[in-house]
Amino acid sequence: MTENPKHLLDRVSESPHRPSKIAKTAAQNLSNDEEEQQEAPMGPSPRTQRYLVAIEYIGTRFSGSQQQPNFRTVVGVLEDAGVHALSNVCHVDIQRISKRKPGEVLPPHEQTVVRRAVNHFLQNEGDIMVIDVRCVPADFHARFKAQERTYFYRLLSGPEPLSTFERDRAWHVPEELDILAMQEACKILVGHHDFSSFRAAGCQAKSPIRTLDELTVSEVVSTPYFPSIVERRQNNLIMEDLHASSNKSESDLPVSSISIGNGASGFNGEASLGFGIRRRHRCFVVTARARSFLYHQVRLLVGVLKAVGTGNLTISDVERILNAKSVTAASPMAPPCGLYLGHVKYDLP
């Protein structure tokens, strides 16, 4: 019999009633919001297998990244409670010991077995799941080998209260947002800069200099998304035309059939939606991509972009804040609920 893979679970998700079991495993988290290139620690014993583990989670019910008494934590979550991950990464060392012959080391588990076993024990958690596992060399380090990190931040704009399905999943901004102004502000902030104005107190990075490879704002369909009666009728008309013209393919669908117009969404509060139909919000996603980020850098960037979108800041104000090199010059930081770690890039065989 092999070592119980639940040992890995105990490093992935701690609860007040579950003691930590790490006698034969060790996990290293990826510190996402504050990166500093340091010498990587020594690898595991030759008798263990190191796995790179990608996990997704809803951060609302987690208290942070470090083990804390009486609070649930998750390996690799940001310092902030409430931050989510589409794909966060840690590495874990597992040694497979025979129960029949104590001390005998068996061949390592297949990576698919590790993923399936851990998810088996996580199935009752409901807010965390292993999405990928890869066998890596003993000296591979989840933090120091990362080449690039991508974050997403969701904002929902509109006067209506947030849906229950969106609560703690996005930043609700009651005002309308000027996406063109926000995109212009992104051009000021992208690139190689001293980001001292976007570096929260407590940041331990040695230098505030960072290269922001991408900073964009786009409007997307809000999720969960269900078609309105107008959209359903429009789609039915399109499908009827397609059936009538056998030489048309799905690629002939007009772009307007998947557009996100305010008329169908009811963003402006029109009264024609009918009783019991929720008015939708406009959904904006800020994408930030870089090799590494300063502590709270993404949330501070989003805070400034939001202020530009509402008209509280101008483009010249953004330049002033960046050149001030002081976090006191920046707008209030965006809340953690809208932040998602999207992807960590590695050079894997």
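Trainee: In what sense do β5 and β6 pair, parallel or antiparallel?
Mentor: Parallel, over 3 bridges. Keep in mind that this is a predicted model.

Trainee: Which residue of β6 does Leu-156 face?
Mentor: His-172 stands opposite Leu-156.

Trainee: And β5 with β9, which way do they run?
Mentor: Antiparallel, with 9 bridges joining them. Take two pairs along the way. Ser-157 is across from Arg-282. Thr-150 is across from Arg-289.

Trainee: What about β5 and β10, residues 339-345?
Mentor: Antiparallel again, with 6 bridges. There, Tyr-153 sits opposite Leu-339 of β10.

Trainee: How many residues of β5 are buried?
Mentor: 9 of its 10, so β5 is mostly covered.

Trainee: Let's move to β9. Is that strand enclosed or open?
Mentor: Largely enclosed by the rest of the structure, because 8 of its 9 residues are buried.

Trainee: How many bridges does β9 make with β8?
Mentor: 8, in the antiparallel sense. Glu-214 stands opposite Arg-289 in that pairing. Arg-289 is also the residue opposite Thr-150.

Trainee: Which way do side chains point along a strand?
Mentor: In a regular strand they alternate between the two faces of the sheet.

Trainee: Where does Asp-168 lie?
Mentor: In the loop between β5 (148-157) and β6 (171-173).

Trainee: Is Asp-168 buried, exposed or partly exposed?
Mentor: Partly exposed, because its relative accessible area is 38%, and that class runs between 20% and 50%.

Trainee: What about phi of His-296?
Mentor: Near 65 degrees, again a positive value in a residue other than glycine. His-296 is in the loop between β9 (282-290) and α6 (297-310).

Trainee: And is His-296 buried or exposed?
Mentor: Buried, because its relative accessibility is 7% and the cut-off is under 20%.

Trainee: Last one. Is the peptide bond from Thr-223 to Pro-224 cis or trans?
Mentor: Cis, with omega near 0 degrees.

Key. Residues numbered from 1 in each chain as written. Predicted model: local features only at pLDDT ≥ 70, side-chain atom pairs only at ≥ 80, totals over all residues. Heavy atoms only, no water. Helix = DSSP H or I, 4+ residues; strand = E, 2+ residues; numbered from the N terminus. Buried < 20%, exposed > 50% of the residue type's maximum accessible area, 1.4 Å probe, protein only. Pairing = 2+ DSSP bridges.
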